[in-house]
Amino acid sequence: NKLVIVLIIVFACCWQLEAVTYNAKNGVLDLQHIDLHKHHSIALTGKWKIFWNVILSPEELKKKTTISGKPISLPHFWIKRMIKHIPVKNKGAATYSLTILFKKPYKNLYLKCPVINTSYTLYANGTLIHKAGKPALLKKNSHPGASVHLSKITLKSSKLELLVQVSNHFQLLGGFFKPIEIGIENTLQSKELYKLIFYIFAAGILFIIALYHGGIFFLRRDNWAALFFSLICLTVFIRLLNSMENIYFSPVNFISWQFYKKISFGSFYLLFPFSVMYVHSLFPNEFKKTVVRITQGLGCIAILLTVISKPLIFTLPLHIFQIFSFLLYVYVLYVSIIATIRQRQGSSLFLSGLVIYFLILIFYLINRKMIYGFGYLPIAGVLIFIIIQAFMLSKIFSDAFKTVEKLSTELQTTNNELRDLN
């Protein structure tokens, strides 16, 4: 019961961290009926205007250029597709514009600028607010950058015009992975503080669980499940810290862009071999070694590419691994069902963790149109799954200890009976 209560609290806290969305239409976001003091933050999603393959300044945009902007939904990846007969590629440059209408001119308005791949410049009402890297049409004139920044804006009217210059020449996907958020100083900062507490809480749990199970393997070298589970927790811990985009603490503000990408993709690729080795150690009769070898091979190749190559190269296998992760999840689900039918030790708890994580992920994807916070519910799902796995392994260790105690007691009883007969 206590475990269920903890999981519910974690899930509820993540729900509170999500940003509210009011989708823009044709480059205009109408917030005249919204009181910003009543929301932690608002994610600027919906239909922005995009000017593809051109870098426009605020002055050039006001001159009514012959280039017309096309509506595009944000956030989005740059992939090869057509937007109103305009080909958008995964590499290139673009200018985005959005006009926001407020009920009054706020004096303490803040914008949270996320990481936008791979470089961008943000203007508000014609004033430079923030830049990361240098966006340009050509690769030779551009350089990548990433940072999380909180910018203050004082409105002189109830209208805010945003312009974002973006370019990507250095990795597989460009564009907005996360939306820009807007809010009042106190409410936005309090939300960021709650998010930081959540990250610290989640990272602390992962690190403690990793140390605990690493210690168990150190004491019992034949317990491979504890080792692989410890490595999974440690990898997720590193990935979680690296992905923190918080105004109070964000690693991307302190490390180079290339190193940031290497940690992000390297930790992602590492999870595949560690995960399959963990499941195989739990259910060796159900999980085929062929799948383990294939996953280890693919993971090693991707990790090697991450170490020795540039982001433009090691980001290429991303789509392959996304498809492979889905197929692997289906296979692991099948293995856990078979193991549960055969009543393998811990199989029912393992299956429960998989199902809970899947339901949380589906719930998050369904509700992304109403709320937006990149990844907090999936992080909660991973955390819940790991807590269930830790409980399952503890139960296996406890059952094994009870069995040893029982056998020791029976052996002692038998020895005493033999001594009495003699």
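This is a predicted model: local features need pLDDT of at least 70, side-chain atom pairs count only at pLDDT 80 or more; totals for chains, interfaces and linings use all residues.
Residues count from 1 along each chain as its sequence is written, and side-chain values use heavy atoms, with hydrogens and water left out. Local features need pLDDT of at least 70 and side-chain atom pairs count only at pLDDT 80 or more, while totals for chains, interfaces and linings use all residues.

**View A. Thr295 in helix H6.** Thr295 sits in H6, which covers residues 289–308 (helices are DSSP runs of H or I, at least four residues; strands are E runs, at least two; both are numbered from the N terminus). With a relative accessible area of 1%, Thr295 is buried (under 20%, using a 1.4 Å probe and protein chains only). A polar atom of the Thr295 side chain lies 2.7 Å from the backbone oxygen of Val291. Leaving aside neighbours within four places in sequence, Thr295 is in contact (heavy atoms within 4.5 Å) with Phe272, Pro273, Val276, Phe324 and Leu328.

**View B. An open sheet of three strands.** The order is E6-E16-E11, and the pairing is antiparallel (two strands pair if DSSP finds at least two bridges between them). Strands E6 (76–77) and E11 (116–117) are the edges, each pairing on one side only. E11 and E16 (residues 175–176) are joined by two bridges, and Asn117 stands opposite Gly175 in E16.

**View C. The hairpin of E12 and E13.** E12 (residues 119–124) pairs with E13 (residues 127–132) over five bridges, in the antiparallel sense. Tyr123 has Leu128 in E13 as its bridge partner. Two residues lie between the strands, and Asn125 takes a positive phi near 50° in this hairpin.

Conventions: Buried means under 20% relative accessible area, exposed over 50%, partly exposed in between (1.4 Å probe, protein chains only). A polar contact is a pair of N or O atoms within 3.5 Å; within protein, one must be able to donate a hydrogen and the other to accept it, and residues adjacent in sequence count only if both atoms are side-chain atoms.
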